Structure formats: C-alpha cells, structure tokens
Amino acid sequence: MVKPARVPRSEHACAKCGYRTARWLGRCPECGAWASIVEEVRGSAGGADAVAIDRVPLECGARLRTGIGELDRALGGGFVRGAAVLLAGDPGIGKSTLLLSALDRVARSAPPRPVLYVSGEESLAQIRMRGERLGALAPGLLLRADTSVADALEAADRIRPQVLAVDSVQTLKAPQLEGVPGSVSQVREVAARLVEWGKRTGTPALLVGHVTKEGGIAGPRLLEHLVDTVLYFEGDRSHAYRVLRAHKNRFGSTNEIGVFEMKGNGLEEVRNPSALFLAERPRGASGSAVAAAMTGTRPLLVEVQALVSKSAYGGSARRTAIGADASRVALLTAVLEKKQGLALCDHDIYVNVAGGASLDEPGGDLAIATAILSSFRDTPVDPSTLVVGEIGLSGEVRAVAQIEQRLAEAAQLGFEKCVLPEGNARRVKAAPLDLRPVGTVTAAMEALML
Ligand code: TYD
Ligand code: MG
C-alpha cells in the first residue's frame, strides 16, 4: 500500500484575526494589522490507514454535566470527553468565577475522581477566598498554581482529573519555547499541549482566554481553530447580567446562550432571560416593540427600540443599529419608505435592542420595522402585543421557524396578542395568544394601528 509522505506543512496565520495564508505577509489583508502574520508548522494528518465510515467506533455520547444549567446549555448539554473548550471574555467579566463554580459542582456530583484547576494568575489563597464567597469548597476540587504548562500536565498525568481547567492560557509558559507568557507562540503552544493532553486522555480541557484590548494579539481568536468549543462570556460590567454565548461548537448549536447574573456570592443562573430583557420596558412609549427570537433551542423575547428624528444637517441622515444588523435595518427602512410612503431620508434612525441583547435573525424584522414606524408616528404599540415575522423586499411578511415555541414564551410572560405571518398562523393549532395574521408590512402596521 502506498502511504502519503508526511510532509510538515508550513502555514501562516494572523495573530489578530486568524486569517490564514500560505506565505508570510507584512500586513494582514483581512484586518489590516501590521506584522501580525506568524508562521506555524504543523505535521500533516496523512499517513494513517483510512477507515470505512461504518467501522469508526462511535464515541460514547455521555456528557459530563456541570449541573449549572445555563453553562450546560451553552456547551450543548455538558462537557464532551476529550473535548477542549475555550472560555473567552474581557478581564473581570467573571470567567474565573464561573469556572470555579462549575468545577465545584462537577467535583461534588461525581466523586471520587477529582477535578483539577490550574491557575497561572492567582495564588491558592486568592482562589480559596473566592471559593469561600461562592461556597465552592468541594474536597475533590484540587488547585495548583503553575506557570509552566509542563508542570501542570505532569501533575494532571498523576491526578487523572475528570476535568482539567487552566486559568488562563495567557499566563502559562511552555518552557522549551522562547518568548514571554502571553506571546503568540507561547499561547499557541500552551493551548496546543493542553488540547492534545485532553484528547489523549479523554478528559475535557477548559481553557480560559482573555480578550485583549486590541481584540486580538495572542487572544482567543488565535485559539479558535485549536479547540472544539468557544464560549464567549459577555456583558457590560456596569450591568449585573452576563451572557455566555457559544461562538463555535463542534458538539452543539452555536446559537445557544446561557444567562447569568453577577451577585455578591457569585453568578446566579437566570432561568427566565426573557423576563430580564423586558424588565425595564417603558409602557406606553413610542418606538418600542417586542420580538421573539430563537437562540438555539430557546425562544427569547427582546425589546427593540427605535428613535427616528429629523436630521440636524440635511443630506446625511444617521443610521445606527446596536444589537441588530445595520444592513438589515437599512433594508427595512427602505421597505418602509417604499411601502408605507414614509420620507425617512432626512431622518436619523437609531435602533437598539434593549439590555445588551441581540436580535440577529430575520424573524425580528417586523419588530424592528414596527419600532421604527412607531417612533416616526410617535404612536406607542400595545405593550401586550408580540410582533414576529421576516420582511421581504416586496413588503411581504414571511413565515419564521418554531413559531409555537415563540408564542408559548410570550404567553408565559403575559402577552395577549401576536401579529405574525399568515404562513405561520395557518399552521398553529392551539394558540396561547390572540393571533393577528398578516401578509404584508402594510397589513401589519394596520393591525398595530400605526
Ligand atoms: P472574575 O471571575 O475574577 O473575572 P475574570 O476571571 O473574568 O477576570 O470576576 C471578576 C468580578 O466579579 C470582580 O470584579 C468581582 C466580581 N464578583 C462578584 O461580584 N461576586 C462574586 O461572588 C465574585 C467571586 C466576583
Ligand atoms: Mg480570572
């Protein structure tokens, strides 16, 4: 049998945005960063005999649940054996807090095998103090303060933990390599060794990665292709709640989110995020509409706000969208102009999805259009009405997926009516809300009395 030769492959990648290129470049064509392209040499995967697809042993699908529902949800149901998870986020957002709580739960739920938490950032005493605050003091939760990935893995080989967590990849060093911890080559090597160890031993490896100020150098973007799952922990530090978002997941949906609230004694799961996102909704104010978006398997109600006001300077109206896609907002504005006969070209339009939530599916179109028109007319929308539907370029309102789940979520939160696509209304059997089916934007705006 002829085996392909193992030729080490040389590739280059941008440390800032992850852009890949066969040859070295002085400037990244993707993000424009200078001197950010670094070389990586990888062995080719060729050489092994090929296996018929039906002969590949099925991996046992059992997942290791952390018991923190919102985290398990973002992971797609818990940790997968041997899978590497990157937990990324701004410094101070709560990554270490989440990690410690999760490890404590795992240590409690499945004795006698311990879990191992390696910190390159904090002393054991500091971690213990955090543990006291969180009530995370399980005897099976073992700590190490390491600065060398080799030492950490040697210990892990002896301990054989159920989960290995490293906080953070930027603070550990691979001793055989030049460079300070946190540099591109170090971060890549440290992560690669941890990932390899996890795969070899069938242990989930959890890597914490800080998002650096510039959003890149030696940060999580560099590691995304190395790991199986990337979770971003996001949130405004001035707000108490945090969203854990799956950015990449080889073992689950990437739309899935977990929501937490930062309290004095750690992170509390938010079981009903819709209620949280709608909590401060103004009643009877114009420019506000509620949409139901699907995030992974869960419907999420969010408030879309719009402010439409006459531009101060003629000719250059502003269009700003936060939490919604700007080009989508532009498209909806154009449809409103054409179909509703609005003159919006000399109006500034600001669209915001309240509470830092985001609405990135077309099912939110009708709510965005409604908020814009409501602000333009200065007429409030009935606060007990949910607005769902995708808008096409001819002003038609198109059906969305999983309408039943969206309606059920709204009913649970006390909504009474729903303006929705005719295509959906026809198929809903026992509707928990009063349905107002519409086929066009014009019909929708009539139903909403705008
Ligand atoms: P931390 O987990 O250290 O963040 P990261 O590891 O992402 O850098 O948490 C940082 C913040 O969380 C810190 O400012 C204090 C706050 N915090 C609480 O409000 N309550 C708590 O119980 C804990 C442990 C932290
Ligand atoms: Mg930390």
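Residues are numbered from 1 along each chain as its sequence is written, and chains are lettered from A and ligands numbered from 1 in the order in which they are written. Because the model is predicted, local features need pLDDT of at least 70 and side-chain atom pairs count only at pLDDT 80 or more, while totals for chains, interfaces and linings use all residues; side-chain values use heavy atoms, with hydrogens and water left out.

## Overall make-up

The protein contains 12 helices and 23 strands; helices (H or I, at least four residues) and strands (E, at least two) are DSSP runs numbered from the N terminus. Along the principal axes, the C-alpha atoms fill a box of roughly 70 × 50 × 50 Å. Of the 450 residues in the protein, 49% are buried, where buried means under 20% relative accessible area, exposed over 50% and partly exposed in between (1.4 Å probe, protein chains only). Among contacts (heavy atoms within 4.5 Å) with a separation of 6 or more, 67% are accounted for by residues 24 or more positions apart.

## Helix pairs

Axes are lines fitted to C-alpha atoms, for helices over the stretch in contact, and angles run from 0 to 180 degrees between N-to-C directions.

| Pair | Residues | Axis separation | Angle |
|---|---|---|---|
| α2 and α3 | 95-109 and 124-134 | within 10 Å | roughly 70 degrees |
| α4 and α5 | 149-159 and 184-201 | 10 Å | about 10 degrees |
| α8 and α9 | 326-340 and 365-377 | 10 Å | about 60 degrees |

Angles under 35 degrees count as roughly parallel, over 145 as roughly antiparallel, 65 to 115 as roughly perpendicular and the rest as oblique. Helices α2 and α3 are therefore roughly perpendicular to each other, and α2 passes α3 in a right-handed crossing. A crossing is right-handed if the near helix is turned clockwise from the far one by less than a right angle, and left-handed if anticlockwise. On the α2 side the contact involves S96, T97, L100 and S101, which meet I127, R130, G131 and L134 of α3. By class, this contact of α2 with α3 has 3 nonpolar, 4 polar and 1 charged residues. Here Ala, Val, Leu, Ile, Met, Phe, Trp, Tyr, Cys and Pro count as nonpolar, Asp, Glu, Lys and Arg as charged, and the others, Gly among them, as polar.

For the second pair, the angle of about 10 degrees makes α4 roughly parallel to α5. V149, A150, L153, A156 and D157 of α4 meet V190, R193, L194, W197 and R200 of α5. The contact of α4 with α5 comprises 7 nonpolar, no polar and 3 charged residues.

R328, V329, L332, T333, L336 and Q340 of α8 make the contact with D365, I368, A369, I372 and L373 of α9. By class, the contact of α8 with α9 has 7 nonpolar, 2 polar and 2 charged residues.

T66 is placed in the loop between β4 (63-64) and α1 (69-75). With 2% relative accessibility, T66 counts as buried. A polar atom of the T66 side chain lies 3.0 Å from the backbone nitrogen of I68, and a polar contact of 2.8 Å joins the side chains of T66 and D72. A polar contact is a pair of N or O atoms within 3.5 Å; within protein, one must be able to donate a hydrogen and the other to accept it, and residues adjacent in sequence count only if both atoms are side-chain atoms. Leaving aside neighbours within four places in sequence, T66 is in contact with L71, D72, F79, A102, R105 and V106.

Y350 belongs to strand β18 (residues 347-353) and, at 30% relative accessibility, counts as partly exposed. Not counting residues up to four places away in sequence, Y350 touches Q305, A306, L307, R318 and T320. The C-alpha atoms of Y350 and I372 are separated by 8.5 Å, with the two residues 22 apart along the chain.

## Backbone geometry

Most residues other than glycine have a negative phi, and most peptide bonds are trans. A cis peptide bond, with omega about 5 degrees, joins D167 and S168; S168 lies in the loop between β9 (164-167) and α5.

Q402 has a positive phi, near 50 degrees. Q402 is located in the loop between β21 (397-398) and α10 (403-412) and counts as partly exposed at 40% relative accessibility. M449, which is not a glycine, has a positive phi of about 60 degrees. M449 lies in the segment after α12 (441-447) and, at 71% relative accessibility, counts as exposed.
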